[in-house]
Amino acid sequence: MPFLLILTALVSACTVQDGLNDYNSEEYGALRITAEGSLAADIFVNGWLHPEKTPAQIDSLPAGEYEITLLYPHRLCDQGRLELAIGAGSITDLSFSFSQKTGGNLSVLSDPAGARVILDDLVLGVTPFHYDGFPIGAYLLEIQKGSHRSNSQFIEIRENERFSGSFTLSPRKTLLVEHFSNTNCPPCPQAEAIIENLVGEFTKDEVISIGYHASFPSNADPMYRFAQAANDARAEFYKLAAAPAVYLNGKFLMLTSFPQLEEDLRNAILESAQEIPQVLLHIEMTKLRGLEIECRLHIECSENLPNGANLYYAVTEDTIRYETAPGTNGQTHFADVMRAMHSVPASTIEMNGLHGTITQKLSLSAIPAGKLWLLVWLQAEDKSIIQSVKSPLSLF
C-alpha cells in the first residue's frame with residue numbers, strides 16, 4: 001500500500017528444512033499490540049483482519065514471519081507495515097503511533113453481494129463495504145467471490161472525496177489440474193515445470209492446481225510421507241499406474257511427449273473454460289488455529305446435486321524449495337503440494353432448495369513453512385469435477 005513503510009523486526013530466526021518450519025509444531029508465539037492514545041485501531045495480520053481492535057493480544061501464532069498493519073480513520077500509522085518473525089514460546093510487544101491525516105472515503109458494492117474487498121493485499125471485508133477516512137493514495141482494488149470471475153482495477157482515494165465502485169461478477173467454471181510426481185521419478189521435474197508454467201498463465205478463478213506425490217518409484221519422497229494416507233488414497237482413486245500423471249477436471253491426459261503435454265493441457269483448459277457452470281462454490285470462511293482448519297462453504301446449484309457426488313477439501317503449500325534435492329531426479333522446487341485432504345458425501349450438505357452451507361474441519365500433521373491455500377471441489381461419481389474453488393488460509 002502506498003502509505004506503508006516496510007520495516008523489519010526479527011525476533012527469532014526461522015529456517016526452512018525439508019519444507020517444514022524448524023520448530024516443534026505444538027509451540028507457538030503471541031503478539032501484544034497497542035496503539036498510542038488508546039486508539040481502537042483495526043489490526044491486519046498477513047492481510048487478514050483480526051476480530052479485535054487494539055489493544056489486543058493474539059495468541060497461538062505458529063512461529064514464522066508475519067506482516068502487521070494497523071488502520072484507523074483519518075490517521076496515518078507512523079510505523080507503516082511491520083514485518084517480523086515470531087519465535088515459538090515468545091510474546092512480542094508492538095506499539096504503534098498515528099499522525100493526524102485527513103483521508104478519503106471508500107464504498108464498494110457488488111452483484112452478487114458478499115464478495116471480498118481486497119485493497120493492496122489487505123482483506124478489508126465483504127460487499128457492501130464502506131470505510132470513511134481511509135488513507136489517501138493509489139491502490140489496487142480486487143473484488144473476489146468464489147466461482148465468479150474476479151474484478152480488479154487501480155483506484156485513487158482522494159482527500160475528503162468518496163470513491164464509489166459497483167461491480168458485477170459473472171459466474172464461471174474453475175478448472176482443477178491434478179498432477180502426480182515423485183522425487184525419484186526422472187521425467188517428473190520437466191512435467192511439473194510445464195504444469196506450473198501453464199497454470200501460471202491463468203488466474204486463480206480460471207485454473208487451480210494440486211500436486212500429489214506417489215509412493216513409487218520410491219516411498220522415501222518426503223512430500224509423499226508428509227501426507228501418506230491422502231496421497232495413497234488419491235492414487236488409488238485414479239488407479240494410478242505411473243508418474244508423472246496429469247488429470248484435468250478428473251480426466252486423464254495421456255503423456256506421450258512433453259511438448260504434447262503442454263499443447264494438450266492448454267487446449268483442454270481452453271475448451272473446458274467454455275462450459276457453463278451448474279454449481280457455484282464460495283468459501284465464506286477459512287480459519288487455521290494450531291493444526292486444525294475450519295472451513296465454511298456455500299454452494300449454489302441450478303439443479304439438484306448429482307447422486308454419489310463428493311466434496312473434497314485439500315490444503316496445498318504454494319512453493320516448497322530444498323537446498324539439496326530430496327531425491328535422485330535433482331528437483332528442488334515444488335509447486336502446489338498437497339499437505340492434507342478430507343472428503344465428505346455431497347449429500348451431507350444442508351440444502352435449502354438450491355442453496356446450501358456446510359462447515360467442515362480437517363487437520364495438518366505439522367505446520368508447513370510456505371503459504372497455505374484451501375482447495376474445495378465437487379466431484380461426480382464418474383470422476384468428473386463439477387466445480388472447484390481456491391482460497392488462502394486465514395488465521396482468523
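This is a predicted model: local features need pLDDT of at least 70, side-chain atom pairs count only at pLDDT 80 or more; totals for chains, interfaces and linings use all residues.
Residues are numbered from 1 along each chain as its sequence is written, and side-chain values use heavy atoms, with hydrogens and water left out.

Coloured by secondary structure, the chain shows four helices and 31 strands (DSSP runs, H or I of at least four residues for helices and E of at least two for strands, numbered from the N terminus). Of the 396 residues, 53% count as buried, that is, under 20% relative accessible area with a 1.4 Å probe and protein chains only.

Next, select residues 188-199 for helix α1 and residues 258-272 for helix α4, which pack at an angle of about 30° with their axes 10 Å apart. The axes are lines fitted to C-alpha atoms over the stretch in contact, and angles run from 0 to 180 degrees between N-to-C directions. α1 and α4 are therefore roughly parallel to each other (angles under 35 degrees).

Finally, show side chains: Gln-190, Ala-191, Ile-194, Ile-195 and Leu-198 in α1 meet Phe-258, Leu-261, Glu-262, Leu-265 and Arg-266 in α4, contact meaning heavy atoms within 4.5 Å. By class, this contact has seven nonpolar, one polar and two charged residues, where Ala, Val, Leu, Ile, Met, Phe, Trp, Tyr, Cys and Pro count as nonpolar, Asp, Glu, Lys and Arg as charged, and the others, Gly among them, as polar.

Terms used:
Angles under 35 degrees count as roughly parallel, over 145 as roughly antiparallel, 65 to 115 as roughly perpendicular and the rest as oblique. Buried means under 20% relative accessible area, exposed over 50%, partly exposed in between (1.4 Å probe, protein chains only).
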